[in-house]
Amino acid sequence: MSRFLRAVNGRPVDCTPVWFMRQAGRYMPAYRKLREKHTLLDICRHPELACEVTMQPLQRFNFDAGIIFADILLPLQPMGVPFDFAQGEGPVIERPVRTSADVDGLRSEEIYADLAFVMDAIKLVCAELKGRLPLIGFAGAPFTLASYMIEGGGSRHYLRTKTMMYSEPHLWHRLMEKLSRVVGELLLAQHRAGAAVVQLFDSWVGCLSPGDYREFVLPHVTRIFDMLGSVPSIHFGTGNAELLPLMKQAGGRVIGLDWRIDLDVGWERLGHDVGVQGNLDPLVLFAPPAVIEQRVSDILRRADGRPGHIFNLGHGILPDTPEEHVKFAVDAVHRLSAGVPSTSAEARLGGR
């Protein structure tokens, strides 16, 4: 069993496994070159291109797992919610979902069949990897998807989303029921295609209070993890320090921690019967190598060698992150967690 899968299952490892969210993408020149010819959605919808992008960081860095290149919004199109990515503005939903008729019109049965290109890409990557590394599949969580659908794109305050939650709770729950079915089926389809582990991304859930999470989100996320059953899973959110016990209740063998809480405090809050993933601030990767090493070391110290820790960022790699700093951080995780003696950080980065 791979180092990564051993950690997911709470077993001892020779050194801490590491992968980074958005490890395939804009910070890599190879990806930017491909984007000169193809849009993001083109890459997602063509399995051979998605495979190529997924493999780029695995060929460049010593990651312990790959994650399929896709986008959390892909299920929206077959549900009947077309969208596109505006230059410099992120996703734009053509027809936001805001009324009872809008929710009634959403398709939610066997959406994964319309996303076969994701499963085909997973099969291609698994064939490339030949068992050398495990692959992670993923999907957006119902609250995060609902917020995009209702707001019409990204949001700072989630005004329309929370207005629906508070003013039309029955409508909100109908929408979340449809989304939880879609997300659960998509994650299962990715696992059947070869993804060894699946991750649920609840990127925007940190805007909720514990009470709102308990009432408006918890039942629907619980349903997803019930659907997954024994499938190895990671449950990720940001700004979620006060939600951690509830996220654990919802499900997931491993719970993601962002950088806003110390890893040991977060793990204590969760209980040591689950694993944790995290939790380096992505902006630390812009710092000098000595700072990167110090921050990596601190997180590993807080994990204290306890089985079940997967090193990751608290969110995704940012577009202008130096590639050599990514490599340095990955190698530092392995080296420091294995207790290998080190020379100066600057020397290991080639004097930079």
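This tour moves through selected residues of the structure and states what is found at each stop.

The structure is a predicted model, in which local features need pLDDT of at least 70, side-chain atom pairs count only at pLDDT 80 or more, and totals for chains, interfaces and linings use all residues. Residues are numbered from 1 along each chain as its sequence is written, and side-chain values use heavy atoms, with hydrogens and water left out.

**Aromatic pairs**

Select F20 and F63. Their rings form an edge-to-face aromatic pair, 5.5 Å centre to centre with 70 degrees between the planes. Rings of Phe, Tyr and Trp (its six-membered ring) pair if their centres lie within 6.5 Å; planes under 30 degrees apart are stacked, those over 60 are edge-to-face and the rest are tilted. F20 lies in the loop between helix 1 (3-8) and helix 2 (29-35), and F63 in the loop between helix 4 (47-60) and strand 1 (66-67), so the pair ties together parts that are 43 residues apart in sequence. Helices (H or I, at least four residues) and strands (E, at least two) are DSSP runs, numbered from the N terminus. F20 is buried at 0% relative accessibility, and F63 is buried at 2%. Buried means under 20% relative accessible area, exposed over 50%, and partly exposed in between (1.4 Å probe, protein chains only).

The structure holds eleven aromatic pairs.

Next, select Y31, which is buried at 2% relative accessible area, and F69, which is buried at 10%. Their ring centres are 5.6 Å apart and their planes stand at 50 degrees, so this pair is tilted. Y31 belongs to helix 2 and F69 to the loop between strand 1 and helix 5 (76-79), so the pair ties together parts that are 38 residues apart in sequence.

**Arginines over rings**

Show Y112 with R192, which lies over the face of the ring at 5.7 Å from its centre. Then show W267, where R306 lies over the ring face at 5.1 Å from the centre. A charge sits over a ring if NZ of Lys or CZ of Arg is within 6 Å of the ring centre and within 35 degrees of the ring normal.

**Around N279**

Move to N279, in the loop between strand 8 (275-277) and helix 15 (289-303). A cis peptide bond joins G278 and N279, with omega about -5 degrees. N279 is buried, with a relative accessible area of 6%. A polar atom of the N279 side chain lies 2.7 Å from the backbone oxygen of I261. Leaving aside neighbours within four places in sequence, N279 is in contact (heavy atoms within 4.5 Å) with residues including W259, D262, I299 and N312.

**Two positive phi values**

E110, in the loop between helix 6 (100-104) and helix 7 (116-129), has phi near 50 degrees, a positive value in a residue other than glycine. E110 is partly exposed, at 45% relative accessibility. K130 lies in the loop between helix 7 and strand 4 (135-140), and its phi is also near 50 degrees. At 73% relative accessibility, K130 is exposed.

Note on methods: A polar contact is a pair of N or O atoms within 3.5 Å; within protein, one must be able to donate a hydrogen and the other to accept it, and residues adjacent in sequence count only if both atoms are side-chain atoms.
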